[in-house]
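Visitor: I have a model open beside its sequence, and I would like to learn how to read it feature by feature. Could we begin with how a helix packs?

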Amino acid sequence: MNDSIRFILNGEDIALSDVRPTETLLDFLRLNRRLTGTKEGCAEGDCGACTVLVGRLADGKLTYESVNACIRFLGSLHATHVVTVEHLAGRDGALHPVQQALVDCHGSQCGFCTPGFVMSLYGLWLTTEKPGRREIEKALQGNLCRCTGYEPIVKAAEQVSLMRPSALFDPLERTRSEIIARLWAMQANGTIRIGKDEDRLIVPASIQALAEILSQEPDATVVAGSTDVGLWVTKQMRRLSPVVFINHLSELQSVTQSEDGITIGAGVSYTGAFTAISKRIPALGRLIDRIGGEQVRNMGTIGGNIANGSPIGDSPPPLIALGATLTLRSLEGQRKMPLEDFFIAYGRQDRRPGEFVESVFVPTPKGTSRFAAYKITKRRDEDITAVLGAFLLTRDEAEMVTDIRIAFGGMAATPKRARTVEAALIGKPWTEATIEVARPAFDADYQPLTDWRATAEYRQLTAKNLLTRFYLETVGAPAELKRFEEVA
């Protein structure tokens, strides 16, 4: 059937043929199904009170990930398994080990955020047998406790790794084979279309179908992870139609590696790209770990971050510094360009009617090149960028700068190269004196704005200081940088 969205909710098959393109999973759970364990705290994917798990088939395997139900649209859930906190208890009503550990360790205070913490820890419990402190904290980046009770919650996560009864106890492990079979049966054999007039959603059957749809609907809103588009709806109350969902398209989900670099499909999430990126470009991997929380990284895509064109998007500046190449696609075929050329002005990208982002190729630095990316925020985790600087340096044996690429976000209407600064450095010795002479060149490259994240003066001084920091790290100051041959 190609006139309904079909998925499994806990243990029940759901088929929706009357659904708005911007209806969220959170509203459906609470208002339609009365599953009120999933809470609305922020409605923007920050607090984690709405956390659920979504399972999807990929390469024949069923994988569950934590997501924010408040900004996840129902149209993106076709052929998935949605799991809420109500599904965790045993058949006899006994608490799941994750829940019991929170009780034992006094990990719940006011209780509002507790179901979200339970689901994030459950996702970690499913995938990691004995998580360390770092893995636990990473899994909980996207969950906020307003009672400041994190330590008991972390202790619960440590305890639960010791509480692993037989797989028959766990609701997902017990039914895994059954769920896989049911999800296979739900796979659409054609494009799904629901609604009419100003309330239409489309789930294309293939990348070719996507190209055909966008040729007919050039103004459609394409949604992959909805980590940004979701806020257009929950915060700006925008009506979007038609909405085209692409997060299921396998043709956009590939990550391929070559000697020269990594090609990332537009539908690959930050989580999906993390392993390849962190191995080949460690500094970029560390940056990804600071993009949103685990739920946001499971949903958000690098391709969507590029296509959205935000001047404070986290992935474009480092990708521009690395010399990434973008591939666009339409019915007319493919078109490639340097990523930096894609961004024309605020809210404007070089995307022709009917085109969509297909992939991005990220070169890996060669030899003794040095790469670093610095994200400046008010808090370290799960915060929007005020300034983000990325640097790629190549020197010769005489320590002369043969090439340097510098790109910043938060400093202009688009992600932008610091070409005047680059020109002041190329051909010069890589010394503190050279850096001091080059710092004023930032004033020619950028004229940032003042907003609630930072003043223009702060941004300008920070950009200059990041160049100095990069220099100090390359000459031996304590740093995150390593030679690429050491981590290959």
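Guide: Contact here means heavy atoms within 4.5 Å, and please keep in mind throughout that this model is predicted.

Visitor: Which residues of helix 1 are buried, and against which strands do they pack?

Guide: The general idea is that an α-helix has 3.6 residues a turn, so residues three or four places apart point the same way. In helix 1, which covers residues 25–32, the buried residues include Leu25, Leu26, Phe28 and Leu29. The buried residues of this helix pack against strand 1 (5–9), strand 2 (12–16), strand 3 (51–58) and strand 5 (80–83). Just after helix 1, Arg34 takes a positive phi of about 55°.

Visitor: How should I read a strand, and how many residues of strand 16 are buried?

Guide: In a regular strand the side chains alternate between the two faces of the sheet. Strand 16, residues 356–363, is mostly covered, with seven of its eight residues buried. Five bridges join strand 16 to strand 11 (residues 261–265) in an antiparallel arrangement, and Ile262 stands opposite Val362 there. Strand 12 (residues 325–330) also runs antiparallel to strand 16 and is joined to it by five bridges, with Phe361 as the bridge partner of Thr325.

Visitor: Turning to a loop, is His106 buried or exposed?

Guide: His106, found in the loop between helix 2 (97–104) and helix 3 (114–127), counts as exposed because its relative accessible area is 61%, where the cut-off for exposed is over 50%. Although His106 and Pro152 are 46 residues apart in sequence, their C-alpha atoms are 6.1 Å apart in space.

Key. Residues numbered from 1 in each chain as written. Predicted model: local features only at pLDDT ≥ 70, side-chain atom pairs only at ≥ 80, totals over all residues. Heavy atoms only, no water. Helix = DSSP H or I, 4+ residues; strand = E, 2+ residues; numbered from the N terminus. Buried < 20%, exposed > 50% of the residue type's maximum accessible area, 1.4 Å probe, protein only. Pairing = 2+ DSSP bridges.
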